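Biologist: Can you walk me through the labels on this model? I'd like to hear what stands behind each one.

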Amino acid sequence: MGNKRRFGLIELRWLGFFLLLIFVTPAAAELRYSIPEEVKEGTVVGNIARDLGLDKASLIDRRFRVVSGSKDAFFEVISDNGALQVRKKIDREELCHGSGACLTELKLLVENPLEMHHIVIEITDVNDHPPRFSEKEQTFEIAEQSSPGTRFQLHAARDPDAGVNSIRTYTLTANDYFDVEISQSDEEKVPFLVLKKSLDREEKNKHLLFLTAVDGGKPPRSGRLNVSIVVLDSNDNLPTFNKETYQVEMQENASIGTTLIRISAVDPDEGVNGEIEYSLSKTLGRRVYDLFHLDKVSGEITLKENLDFEDSDTFKLDVQASDKGQPPLIGRCRIIIKIKDVNDNAPEIEVTSLSNTVPEDSKPGTVISLISVTDKDSGVNGKIILKITEVVPFELKPSYKENIYSVVSKDNLDREVEPQYEIIIKATDCGEPPLSTFKTLGIQISDVNDNRPHFSQNPSHFYLMENNIAGASIFSLTATDNDVNENAAISYHIARENDVTSFLNINSETGEISALRSFDFETVKTFQFQVVASDSGSPSLSSNVTVNVFILDQNDNAPVILYPVSSNGSAEGVEEVPRNVNAGHLVTKVRAYDADIGYNGWLLFSLQEVTDHSLFGLDRYTGQIRTLRSFTETDEAEHKLLILVKDNGNVSLSATATVIVKVVEPKEAFAASDVKSSAKDDEETDVTFYLMITLGSVSVLFLISIIVLIAMQCSKSPEYTSKYLQEANYDGTLCHSIQYRSGDKRYMLVGPRMSVGSTIVPGSHANTLVLPDRRNTSEEVRHASYCFSR
C-alpha cells in the first residue's frame, strides 16, 4: 500500500509513455528509462554516459558509480562504457504492489568535477502470473423461493500483474439457471452469480459450476473456482446495513485494543432467520486479518497490532452479516479505514560524497560534500529543515531537487588560524513535536605555501671581536614559517653584495654563519650584508634580513680587564664552583689585554689578596684560576681573590680585578653557569675600538701634541666629572686616553695615570671610563689625548 501511495499520483501521467520500449526523458540532470520485468541479468537498460554527454574514457578516473540503493540493488553501472545493466532478476510484483507505475530511482555520482545525476527507471509488467482464487471451492445455499435476478457475490480472483495483464473477465460454465455479472469495485472486478430463473429443489437440489477468471495477456492466462449451489428452502430476508460503505480515520499510533467502529445490520425475519453473525470476507489480504478483529456478535472492530502509516495508509474491509436461517442469507458492507500519519520517524541524513581534506586556498563556494535527507513521514511531518549548528566558514546550498544539499565554503580558509573543522548538520522535520537528526562531518584544512619565512628582528646586529678564528662560527640567524611540512622547510643563503661577504659562509639548513678569515679592526670596523631565507613550497616564498656586523677592537694601551667585568663596569665578578670538583679545576680566567708591543704588551698576573692560599692558584701568564685541592666541609662558602695585572713597560701599568668564588652544590652551579656564560658575552662586547699610540722620535711634533692635549683636558665640561672620583695619587706622569662609542654607550680607555679633569668609575679596574653622551647620533666617535708632566 505504501508503494501505491508513492506512485499512484503519477500513474495516469506516465502509463501511456512507459510501454516496453527503453527511452530517455531529457530533464535537468535526470534520465528516465523503461524496462520489462523478468529480463535476464546483464540486460542493458541504457547507456547513461552517452545520454548524459559524459566522456567514456574518463569514467573510471571520475569514479562513475551508483551511490544509492540497498545491498540487493537491481541495477549496476559498467564504468568501462557507461552502460546501466540489470544486476539481478526483477519481479515487479515483489518490488511494487498494485497496478500503478513501478518506478525506482538511482543516484549516480561522478567526480572531478563532482556531479550527481538522478535516474528514474520504470519496471513494466509482463504476464507472468495467472489469476488465482483464494479458495478452490465456494458453496452457496439458495432457497428455491429465490427470485430470478438475485445476485450472490463470488470470490474474486487475484492477479499480481498490472494493466492489460490483470484480470479482464470472468466466465461461468454454461447452464440454464445461473449467469455471471461483473461489477467494477475500486481497482478490481468483482464477479456475482445471478439467478436467471427460479430453482426447483425437487427437480435438482445441487448444481456444480466452474467460474473462470481470464487476464488480458497475450496469450491470456486463467484460474478456476469450483462453485457448488445447494438448493434449500430459505429464509427470504437478507440482513441489511444502514450504509454500503463506512469510512473510519485512525491515528497510526493508536494503541492495541482500540475500537475502530461498531457496525450493525438488521434482519426482519424472526427466530433463527433473524439472528445475525458478523464476519470478515475471506477474500481479504492476510495483513487485514493480522491487524483487525471483528466480534461476530457485537460487530465491533478492534485493533490487534500496531499500525504504520509508512507501510500502508488505507485498508478496505469487506464485512458480511449472515443470519441463521436455512439457507442463511448474507448482507455485505465495506469499511474503508484511513490511517492518519503521526510524526514518528526522525529525518535521515545520507552523505553521498565527502571531501575530507580541503586546501586552505579554496575559493568561497567550493563544494565540500553532497547530502540528501529523507523522512518516512508525509505532509508537514516529512517536511525537513536542514542547517549547520556551529559557526563555521561553510554553508548549505539546496539543489534543484528537493532535500538534496551541497556543503560549500562561504569564507576564505586559513590553516594557520584553524586547521580542522567539525561541521554539525541538524535535520529537523516540521512535525509536532519535531524530530531531529545530527550528522558530523570532519574536515581537515590542508596547507598551502601562503606564509613567508619571518625573522624576529630586521635588521639584526651582531658584534665580533677582531682576530677571530678563521672558519669558526661567529653567529647564527633563525627564521620561522607558519606553514607546515615542506612549506616550512627553510634554507638560507647570503646575498652577495660586497667584498666582505665573500669571506662569509652560511649553513643553508641551520643559518649558522662562519667567517673564512680573521677580521682586523684597523682594516674593517663594520660591514653589512643580507641573508635570504627561502621555504621549500611551490612556488617558494622568501624574505630578507639585513645584518649589521660590528668588529670589536682590542685595545693596545695599559692593561684592561676584560673579565671579570660586572654590569656597572667594575672589574669584579662572581664565580660559582661545585663543591665536588677536584684539584686542578678551572674556576675562571681573568682576561685582560694591552695593545702595546714588546715588553709593554707583555702582561703578568699575580694574586694580591686571597682568603685561603691553599685553595686557589693563579697562572701568572694565562690568568687562569684553578683549585689547588678539593673542597672540604670546613672550607668557607665564599672566597675573595684580588688579582693584579701589569705589563713590563719601563713604567709598569697595572689593573686589578676582584673575583668572588662561591662554593655551591653541583645542581646550583650548572644552572648558574648558563646564566653567567650569557652575561660574559654581553660584557665582552662593551669594548669595540682601540687606538695604538706610537711615540714619535721627532721631539718637536711630540711637544706640540702634549701642549694640545693639556689644553683639551683643561677645557673639559664639569659634567664629565660629576659622578666620578678623581685619581688621588696623580703625579703628572705620562698618560694617554681613548674615547670611543659602541651602540648607545660611550667609553674611555686610559693609561696608568690621568690628567687633571679625567674621571674614573669607582670600583673599576682604573682603566675604563663611562662618559655621558651628549650626542644624538649613533655613529662611532673616537678621540685620543696624550699628556706628560711639565
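Modeller: Let's start with the rings: the count comes to 10 aromatic pairs, where rings of Phe, Tyr and Trp (its six-membered ring) pair if their centres lie within 6.5 Å. This is a predicted model, so local features need pLDDT of at least 70 and side-chain atom pairs count only at pLDDT 80 or more, while totals for chains, interfaces and linings use all residues. Residues are numbered from 1 along each chain as its sequence is written, and side-chain values use heavy atoms, with hydrogens and water left out.

Biologist: Why is the pair Phe527 and Phe529 called stacked?

Modeller: Planes under 30 degrees apart count as stacked, over 60 as edge-to-face and the rest as tilted. The planes of Phe527 and Phe529 are at 25° and their centres are 6.1 Å apart, so the pair is stacked. Together with Phe519, Phe527 and Phe529 form one aromatic cluster.

Biologist: What makes Phe527 and Phe529 count as buried?

Modeller: Buried means under 20% relative accessible area, exposed over 50%, partly exposed in between (1.4 Å probe, protein chains only). Phe527 comes in at 7%, so Phe527 is buried, and Phe529 at 0%, so Phe529 is buried as well.

Biologist: On to charges. Why is the contact between Glu181 and Arg151 called a salt bridge?

Modeller: The term needs a side-chain nitrogen of Lys or Arg within 4 Å of a carboxyl oxygen of Asp or Glu. For Glu181 and Arg151 the N to O value is 3.5 Å, and that makes a salt bridge. The pair links distant parts of the chain, with Glu181 in strand 11 (residues 178-185) and Arg151 in strand 9 (residues 151-153), 30 residues apart. Strands (E, at least two residues) and helices (H or I, at least four) are DSSP runs, numbered from the N terminus.

Biologist: Are Glu181 and Arg151 buried, exposed or partly exposed?

Modeller: Glu181 has a relative accessible area of 36%, so Glu181 is partly exposed. Arg151 has 44%, so Arg151 is partly exposed too.

Biologist: How do you know that Glu277 forms a salt bridge with Lys324?

Modeller: The closest N and O atoms of Glu277 and Lys324 are 3.8 Å apart, and that passes the cut-off. This pair also links distant parts of the chain: Glu277 sits in strand 19 and Lys324 in the loop between strand 22 and strand 23, 47 residues apart. Glu277 is at 33% relative accessibility, so Glu277 counts as partly exposed, and Lys324 at 37% is partly exposed.

Biologist: What about Arg415 and Glu416?

Modeller: Their side chains meet in a salt bridge at 3.0 Å, N to O. Arg415 has a relative accessible area of 12%, so Arg415 is buried, whereas Glu416 at 26% counts as partly exposed. Salt bridges that share partners also join Arg63, Arg65 and Glu111 into one network. By this rule the count comes to 19 salt bridges.

Biologist: What makes a set of residues a nonpolar core?

Modeller: The residues are buried Ala, Val, Leu, Ile, Met, Phe, Trp, Tyr and Cys, joined through side-chain atoms within 4.5 Å. The largest nonpolar core has 29 residues, and Phe241, Ile263, Phe292, Phe315, Leu317, Ile335 and Ile337 touch the most other members. Elements giving two or more residues to this core include helix 4 (286-291), strand 22 (314-323) and strand 23 (330-340). A second, separate core of 25 residues includes Leu464, Ile490, Ile494 and Val531.

Biologist: Last one: how do you know that strand 10 and strand 13 pair?

Modeller: Two strands pair if DSSP finds at least two bridges between them. Strand 10 (residues 167-172) and strand 13 have five bridges, in the antiparallel sense, and that qualifies.
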